[in-house]
Amino acid sequence: MKAMVCTKYGKPDVFQLKEVEKPTPKENEILVKIYATTVTSGDCRVRSFNSPLLLWLPMRIVLGLRKPRKPILGVELAGEVEEVGKNVTKFKKGDQLFAMTDMKFGGYAEYICLTEKGTIAIKPENITYEEAASISFGGTTALHFFRKGNIQVGQKVLIYGASGAVGTAAVQLASYYGAEVTGVCSAKNSELVKSLGANHVVNYQTEDFIKKEKRYDLIFDAVGKITKNQCKEALALNGQFVSVEGQGIAKVETKDLLFLKKLMQEESIKSVIDRRYSLEQIPEAHEYVETGRKVGNVAVVLQK
């Protein structure tokens with residue numbers, strides 16, 4: 001099978017398209033033909049090994065000292081079950097599903113084996129493979145931090161970085177939960193963020209939400225660019241601040257994928273896809289993600 005392999009840490013040109021052995025499912029695994037995956041900011045950090053100095057050695061031990069121990073990156077995918085192990089009971093051949101692989105990676109390939117107990121759900125019939133793949137990372141991350149911040153109906157919630165992969169999911173989820181949502185983004189993305197459910201939009205290029213009189217019950221930094229200390233004046237009494245930076249890795253649970261599936265089936269939320277690339281174009285996709293200009297998600301389509 002074809003796979004995009006990360007040969008060492010570095011710039012996007014460290015990727016090489018290679019023929020690798022097609023995996024065979026174990027007794028409790030399913031073999032999935034991957035139809036779509038994504039390029040996330042997390043994938044780019046792993047490839048470039050962009051790590052804080054204090055975490056440099058621990059992260060090298062986890063990811064691989066000289067090069068990625070798991071050289072086929074990609075943490076979210078959607079595809080079809082091609083084969084099942086003899087002990088598998090949850091899935092059958094032909095099932096269309098979407099999944100997250102977490103630190104096991106493996107999405108940048110034509111096939112992958114997943115344990116049936118993994119973070120997997122049947123794909124909603126009303127969305128495409130790339131839409132299914134593109135909701136997992138942003139949606140589960142937003143759900144994790146909203147739980148951490150104890151989001152409530154009627155709260156004033158601010159999403160900083162509202163037009164990114166996590167931000168576009170967070171705006172929709174906060175609106176679904178019945179919050180009054182303010183999204184912070186650039187002017188060119190303001191209409192998109194409003195269309196996703198934001199009641200108010202702040203253009204970070206010309207406005208400073210911290211200097212406004214409005215106070216928020218929950219501030220969610222979806223891009224890791226502000227701190228609680230910086231925006232404490234914008235927090236209401238007992239207000240919560242949560243961030244994707246410095247507050248741990250989002251815990252991903254299958255129940256969250258099932259919840260996202262339900263919301264997509266109801267058309268309560270949707271995937272926002274900026275660009276689509278092929279497997280061969282993954283280096284270009286990484287270059288684009290690293291510009292910081294992507295809106296929502298960057299999808300990789302492997303099968304038509």
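The model is predicted: local features need pLDDT of at least 70 and side-chain atom pairs 80 or more, while totals for chains, interfaces and linings use all residues. Residues are numbered from 1 along each chain as its sequence is written, and side-chain values use heavy atoms, without hydrogens and water.

Strands (E, at least two residues) and helices (H or I, at least four) are DSSP runs numbered from the N terminus, and two strands pair if DSSP finds at least two bridges between them.

Next, take β8 (156-160) and β9 (180-185), joined by five bridges. Here I159 stands opposite G183.

Now show F145 and F220. Their ring centres are 5.6 Å apart and their planes at 25°, so the pair is stacked. Rings of Phe, Tyr and Trp (its six-membered ring) pair with centres within 6.5 Å; planes under 30 degrees apart are stacked, over 60 edge-to-face, the rest tilted. F145 belongs to helix α3 (129-149) and F220 to β11, so the pair ties together parts 75 residues apart in sequence.

Move to Y176 and F259, an edge-to-face pair at 5.9 Å centre to centre and 65° between planes. Y176 is in helix α4 and F259 in helix α6 (254-265), so this contact ties together parts 83 residues apart in sequence.

Finally, select F145, F146, Y176, Y177, F220 and F259, which ring pairs link into a cluster.
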